[in-house]
Amino acid sequence: MSRACRRSGLLGHVGDPEHGWPDAPAELAELQAELGARSPVPWRPPTDRPTRIGGCFCCFPRGVEGFGERGDPLWVAAVTYEERRRLASVVRTDRARAPYVAGLLAMREGPALAAAVAELTVAPEVLLVNATGRDHPRAAGLAYHLGAALDLPTVGVTHRPLLATGDWPADAPGAAATLTLSGTPVGAWVRTRAGRRPLVAHAGWRTDPGTAVEVVRLATGTARTPVPLREARRLARRARALR
DNA sequence: GCGACAG
DNA sequence: ATCTTGTCGC
């Protein structure tokens, strides 16, 4: 076991949201490199029954723009859905562990998201995360990292890639176009609504680009944003409004 | 070296 | 992330 893993307690503490989130940039980068080098067993959605799909999201105080800093208050929500039914939800407040730095988002939001998801009374089978996965300098973006920390398959969903490149898909619902990083497929643009900007579905923990696109399609209702992610975002922002 | 760079 | 502004559509 590496120093980063031993210090962070990632190995041997799978599922414990208090572990696996080093708060020093060099240590996080070391852990990301180690996680990114792994090849976790691929997961696929069941074909004979509905999939329990979760989502998590955190938001920050309004009126505060920029990169933020350690200690920023935040509101975080997590939900579990099965088809159109919400089976569980969690809303809580927490604190950011660091400012936002591209490539080190896990340091800012990781512990809060992990804690919220861990409190769900009905666990999802796959979790949507507002972050990249293998599209990352060390192939271990927050969506991928969160899945490793929680021992849960994950799919990232963002407005744009971090490093990967690729053309947009056709303007038809469900259309997808692969995004690659150094020749490796790491995700795909997905058109969830005709006439709207496509989202990026990111390969995460135990998911490849094809599975990421499939989960986003399964989770999408009438809105551009997949239902569990949209609902987690709504709950987090509602909690902020009640502050 | 400099800018760009998920949220 | 959050904000502002503008535009289209229900």
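Reader: How far does a polar side-chain atom of His136 lie from a base nitrogen of DNA strand B?

Author: A polar contact is a pair of N or O atoms within 3.5 Å; within protein, one must be able to donate a hydrogen and the other to accept it, and residues adjacent in sequence count only if both atoms are side-chain atoms. In this structure, a polar side-chain atom of His136 lies 3.5 Å from a base nitrogen of DNA strand B. This is a predicted model, in which local features need pLDDT of at least 70 and side-chain atom pairs count only at pLDDT 80 or more, while totals for chains, interfaces and linings use all residues. Residues are numbered from 1 along each chain as its sequence is written, chains are lettered from A and ligands numbered from 1 in the order in which they are written, and side-chain values use heavy atoms, with hydrogens and water left out.

Reader: How many residues surround DNA strand B?

Author: A residue is near a strand if one of its heavy atoms lies within 4 Å of it. Here 18 residues surround DNA strand B, and the closest are Gly103, Asn130, Thr132, Leu142 and Arg160. Of the atoms of DNA strand B that come within 4 Å of the protein, sugar and phosphate account for 50%.

Reader: Are the side chains of strand E4 buried or exposed?

Author: In a regular strand the side chains alternate between the two faces of the sheet. Strands (E, at least two residues) and helices (H or I, at least four) are DSSP runs, numbered from the N terminus; buried means under 20% relative accessible area, with a 1.4 Å probe and protein chains only. In E4 (residues 126-129), Val126 and Leu128 on one side and Leu127 and Val129 on the other are all buried.

Reader: Which strands pair with E4?

Author: Two strands pair if DSSP finds at least two bridges between them. Strand E1 (residues 52-59) runs parallel to E4 and is joined to it by 4 bridges, with Gly54 opposite Leu127. Strand E5 (residues 154-158) also runs parallel to E4, through 3 bridges, and Leu128 stands opposite Val155.

Reader: How many helices and strands does chain A have?

Author: Chain A has 6 helices and 8 strands.

Notes
Buried means under 20% relative accessible area, exposed over 50%, partly exposed in between (1.4 Å probe, protein chains only).
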